[in-house]
Amino acid sequence: MSALKTQVGIIGAGPAGLLLGHLLHVNGIDSVIVENRSRDYVIDRVRAGVLEQGTVDLLVAMGVGAGLQRRGLRHDGLYISFQGRRHRIDLADLTGGKAITVYGQNEVVRDLIEARTATARPLYFEAACVTVGALDSPNPVIRFRHGDADHEIQCDFIAGCDGFHGICRPSVPAGVLSTYERNYPFGWLGILAEAEPSSDELVYSCHERGFALFSMRSPTVTRLYFQVPPEEPIDNWSDEAIWDEMLERMTTRDGWQPHVGRIIQKGVTPMRSFVAAPMRHGRLFLAGDASHIVPPTGAKGLNLAASDVLVLARAMKAFYGRGRTDWLDEYSDVCVRRVWKAQRFSWWMTATLHRFPDETPFDRQRRIADLDYLTSSRAAMTSLAEQYVGLPAEVSFESAGL
Ligand SMILES: Cc1cc2nc3c(=O)[nH]c(=O)nc-3n(C[C@H](O)[C@H](O)[C@H](O)COP(=O)(O)OP(=O)(O)OC[C@H]3O[C@@H](n4cnc5c(N)ncnc54)[C@H](O)[C@@H]3O)c2cc1C
C-alpha cells in the first residue's frame, strides 16, 4: 500500500472536481484528483453545453478560457416557440449585456484536464474501489486501487465531486443529510447530428405532442432533444422516426425547422430534481451533482457545479492563508441558497414547457397563457433572462484568489 499526503483530496474528474483542482492550484494549494473512469471516457461523455455568463467569466479568470473564447458560441438571445410561432427573448438587452455561451461540457473537461496535466499535479484515472473514511477526523482518507497498487491518501479535506452516482454522498452517516427529490414523468431523447445549426440561438418548443429543444455544439453539429416517457428504450426510435418527431414538434408556421443530418450520438436521459443538504459533513465537502441534480431544461447543472467550487475555493484559500474557518462553515448555506433558486427556475421551465401525461385541458390553457405572458411582458422576459444567464454569485472571484 502506498501512502500519500495532500491538502485536498478530490473524488471525481468531472467539471466540479477539475475546476476545484485548478482553483486550488492557482492558490498554491495541493490536491490529488481520483477518477474511476478513463481519460477518454470522461472527455467523450456528451452532456451539458450551455455556460452562464458567470461560468464563462470564471473559466477566463482562471486562465483556462482560451478554447472557450476561440470556439464557444456566444448567444445574446433565445427563442420560445409555441402555437407555431417563435418569440425571441433578448437576453443581452434585458440583462445589461450578459449572454450565455454554447461550449460542450466535453470541451470544458478536455481544457481542464490539459490544464491539470500542465500543472503536473496528480490526477489518477481508472481508479478502482474508491472509498473515503475518517470524515469526522482532522485527517480524512481516500483509498483506491490503481493498476496493481493500493493507495491511501491522507488529506486535510475531501471534496466529493463524484456526481449523482458517486460514493461520497452515501459515505455520510445516515441521518446527517436531508434529501428533497422530484422525479418527472418524462425524460429527454437527445441526439447529436452532423448538421449546420439552422438557428444561431436555442429554440425551446412547446408542442401539442410535447416539448422539444433545438441547440447546437458547433457550427457543424446540431444538438436536439424531445420529451419521451422516462424509461423509453432508445432502440424504439429509428433515426428516421427521430427526425420525423423532431420536425413535427419544431417546425414553425414561417417554415423554420432544424437541418437534418446524420445522427452521430443518441440517448435517453431521465429528468430529476434532487437536493441533499447540508453539503458538508466533517471534513467532506460535497459539490456539483454529488449534492444536487436539476432537470436540464434550465441548463443549470454544470453552472451550479462551477459556482459550488468557487465558494469552496474561497473557503480553502482563507483557511490555508489566514487560518479562517468561518467560510468553510458557511460553505453549505451559501451554495444551497443558489441551488434552490436554480432548482426553482429549472422546475418552472420544465413545468411550463413540457406536457405532463395527466395534463387537463385547464392545465394546457394555463400553460399557454404562461408562455403568452412570458413572451409579451418585458418584466416576465427580464425575470427569465436574468436567471438564464445566471444569477449573480455571492462570492467574488478576488476572494477565491483570482
Ligand atoms: C447523462 C447526463 C446528461 C446530461 N445532459 C445535460 C444537458 O443536456 N444539459 C445540461 O445543462 N446538463 C446536463 N447534464 C448535467 C450536467 O452534465 C452535470 O450537472 C455536470 O456534469 C455536473 O458536474 P459534476 O462534476 O458535479 O458531476 P459529473 O460530471 O457527474 O462528474 C463526476 C465525476 O466523478 C466520477 N466518479 C463517479 N463515481 C466515482 C467514484 N466512485 N470514484 C471516482 N470517481 C467517480 C465520474 O466518472 C465523473 O467523472 C447531464 C447529466 C447527465 C448525467
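Tutor: Leaving aside residues up to four places away in sequence, Leu20 touches Ile10, Ala159, Cys161, Val309, Leu312 and Ala313, where contact means heavy atoms within 4.5 Å. The model is predicted, so local features need pLDDT of at least 70 and side-chain atom pairs count only at pLDDT 80 or more, while totals for chains, interfaces and linings use all residues. Residues are numbered from 1 along each chain as its sequence is written, and side-chain values use heavy atoms, with hydrogens and water left out.

Leu20 is one of the buried residues of helix α1, along with Pro15, Ala16, Gly17, Leu18, Leu19, Gly21, His22, Leu23 and Leu24. Buried means under 20% relative accessible area, exposed means over 50%, and partly exposed is in between, with a 1.4 Å probe and protein chains only. Because ten of its twelve residues are buried, α1 is largely enclosed by the rest of the structure. Helices (H or I, at least four residues) and strands (E, at least two) are DSSP runs, numbered from the N terminus.

The helix covers residues 15–26, and its end C-alpha atoms are 16 Å apart, in agreement with the 16 Å that twelve residues should span at 1.5 Å a residue. The expected span is 1.5 Å times one less than the number of residues. Just after α1, Gly28 has a positive phi of about 70°.

Leu20 also belongs to the largest nonpolar core, a set of 77 residues, and is listed with Ile142 and Met316 as having the most contacts inside that core. Helix α9 (residues 301–322) supplies the largest share of this core, twelve residues. A second, separate core has 53 residues, including Tyr184, Met271, Leu374 and Met381. A nonpolar core is a set of buried Ala, Val, Leu, Ile, Met, Phe, Trp, Tyr and Cys residues joined through side-chain atoms within 4.5 Å.

The ligand comes next. A polar backbone atom of Ala16 is 2.9 Å from an oxygen atom of the ligand, and Ala16 is among the buried residues of α1. A side-chain N or O atom of Arg47 is also 2.9 Å from a ligand oxygen, and a backbone N or O atom of Asn36 lies 3.2 Å from a ligand nitrogen. A polar contact is a pair of N or O atoms within 3.5 Å; within protein, one must be able to donate a hydrogen and the other to accept it, and residues adjacent in sequence count only if both atoms are side-chain atoms.

On its own the ligand has 980 Å² of accessible area, and the protein covers 85% of that. Such areas come from the Shrake-Rupley method with a 1.4 Å probe, and for residues only the protein chains shown count as cover. The elements that give two or more residues to the shell around the ligand are α1 and α9. Helix α9 gives the most, with three residues. There are 29 residues around the ligand, and Glu35, Arg45, Gln105, Tyr225 and Asp289 come nearest; a residue is near a molecule or strand if one of its heavy atoms lies within 4 Å of it.
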